[in-house]
Amino acid sequence: MTPAARAQAATVILDDIAAGRPLEPALLTWARGNRYAGSKDRAAIRDIVFSIMRRRASCAAMGGGMAGRALLRGFLAQEGIPEAEIFGQGPYAPPPLTPEDAPLKDPRDLTPAERADLQPWLWAALEESHPEAGEIAEALRHRAPVWLRLDDPGGQAAALESLTAAGHAPEADPRCPGAIRITARERQLAQHPLLTEGGAELQDLGPQRALAALPTGPGATALDFCAGGGGKALALAARGMEVTAHDADPGRMADLPRRAARAGVRIAMPRAVKGTYDLVLCDVPCSGSGAWRRAPANKWTLTPEDLSTLVARQRSILTAALRHIRPGGTLAYMTCSLLPAENDAQAAWLAERLGQTPAFTRQYTPLDGCDGFYIAVFGPLPEMSQLQVDF
């Protein structure tokens, strides 16, 4: 496919998304209906769609509308690609420009929220809570980095050599032992032996650094109360902890037994959680605002009402999780959010009920080379019956 044909395919997919189809199903639907497109074509089209969805507000403002064609025009202007190279360039290209196409808007005339590519209320929340809001918003407009977590940080030298030989241009991060950033051939990484045969997992640097701050040790027990795919449970098990994984939707953990076997660790997955643990980890459902460059459609659909619902759900989960902490144990509250309502405000809510300030809090942002990620650690905690907690 020519660049122009790829651009036209992107407009079709963007119109499908605008009509209500989620981003990934829209990409899949197009690919199934156009099987002539090779893997490189599909990857290039995916990149265009994701780039535009990350920058939807600015592309729409510059291009003159929310239709795929207008979004494409705004994107091309931002990328410095002449429209004459795309529009009208063959039968599979976007149709030629006409007087009905709106004049391109000067980027200097965009509103602050449009420049940040956020809904106005979200831009206001980010600007109020982060001094570097502009830089953070700019980072969210671009592709996220790819990180590996080694099961054994002591094998880092060998892993770097193997990844280099495969052309992945790996970079070790001195802030977190065993964390390796992949800077080349990211899409081919899934075929590397470290992932197919064991030795590493894909995991963003934010949770890797957050987990490194937790009290862990061989033989200690841990409950990953909102395990999801199980990446954090695997990381704790790699440190010799006895790990139990739980999720309200067990289907999200379907692949965890296979991944645990590949890593050579055991993770319990009971139907119902019982007993108490030295460490209870709650990576709660949240807005995902710290990871919007990976799931860009979500930042255009979140409403203030959605956020309020999430905050209430997070508190309900935390209240349930407290039942499972041993006297002297630790609670780790985590989100992949940049919003204070889900982070510091929730830590303050917990502090009031637990009668103690957090032992540790940290907000990671894309300026740290990772997704937005938050952690608040409480402990050692007393017997739960001594706390004024509404169960």
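Visitor: Which exposed residues sit on the face of α7 turned away from its buried side?
Guide: Pro120 and Glu128. Exposed means over 50% relative accessible area, buried under 20%, partly exposed in between (1.4 Å probe, protein chains only). Helices (H or I, at least four residues) and strands (E, at least two) are DSSP runs, numbered from the N terminus.

Visitor: What kind of model is this, and how are residues numbered?
Guide: It is a predicted model, where local features need pLDDT of at least 70, side-chain atom pairs count only at pLDDT 80 or more, and totals for chains, interfaces and linings use all residues. Residues are numbered from 1 along each chain as its sequence is written, and side-chain values use heavy atoms, with hydrogens and water left out.

Visitor: Back to α7. Which residues are buried?
Guide: Leu122, Trp123 and Leu126, in a helix that covers residues 120–129. Down the axis of α7, the buried residues fall within an arc of 100°, so they line one face of the helix. The arc is taken from the directions from the helix axis to the C-beta atoms.

Visitor: What covers them?
Guide: The cover includes α6 (112–116) and α8 (133–139).

Visitor: New topic. What is the strand order in the open sheet of 7 strands?
Guide: The order is β7-β6-β5-β8-β9-β11-β10, with mixed pairing. Two strands pair if DSSP finds at least two bridges between them.

Visitor: Which strands stand at the edges?
Guide: β7 (267–268) and β10 (360–364). Each has a single partner strand, so one side of each is left without a neighbour in the sheet.

Visitor: How many bridges join β6 to β7?
Guide: 2 bridges, and the strands run parallel. β6 covers residues 242–245. Thr244 has Ala268 in β7 as its bridge partner.

Visitor: And β3, which strands does it pair with?
Guide: β1 (residues 146–150) pairs with β3 (residues 179–182) in the antiparallel sense, over 4 bridges. Arg149 stands opposite Ala179 there. β2 (residues 170–172) also pairs with β3 in the antiparallel sense, over 3 bridges. Ala172 stands opposite Ile180.

Visitor: Which residue takes a positive phi in the hairpin of β2 and β3?
Guide: Gly178, with phi near 90°. The hairpin has 6 residues between the strands.

Visitor: Last one, Ser337. Buried or exposed?
Guide: Ser337 counts as buried, because its relative accessibility is 0%. Ser337 lies in the loop between β9 (325–335) and α15 (344–354).

Visitor: What is Ser337 in contact with?
Guide: Leaving aside neighbours within four places in sequence, Ser337 is in contact with residues including Cys286, Ser287, Asn343, Gln363 and Tyr374. Contact means heavy atoms within 4.5 Å.
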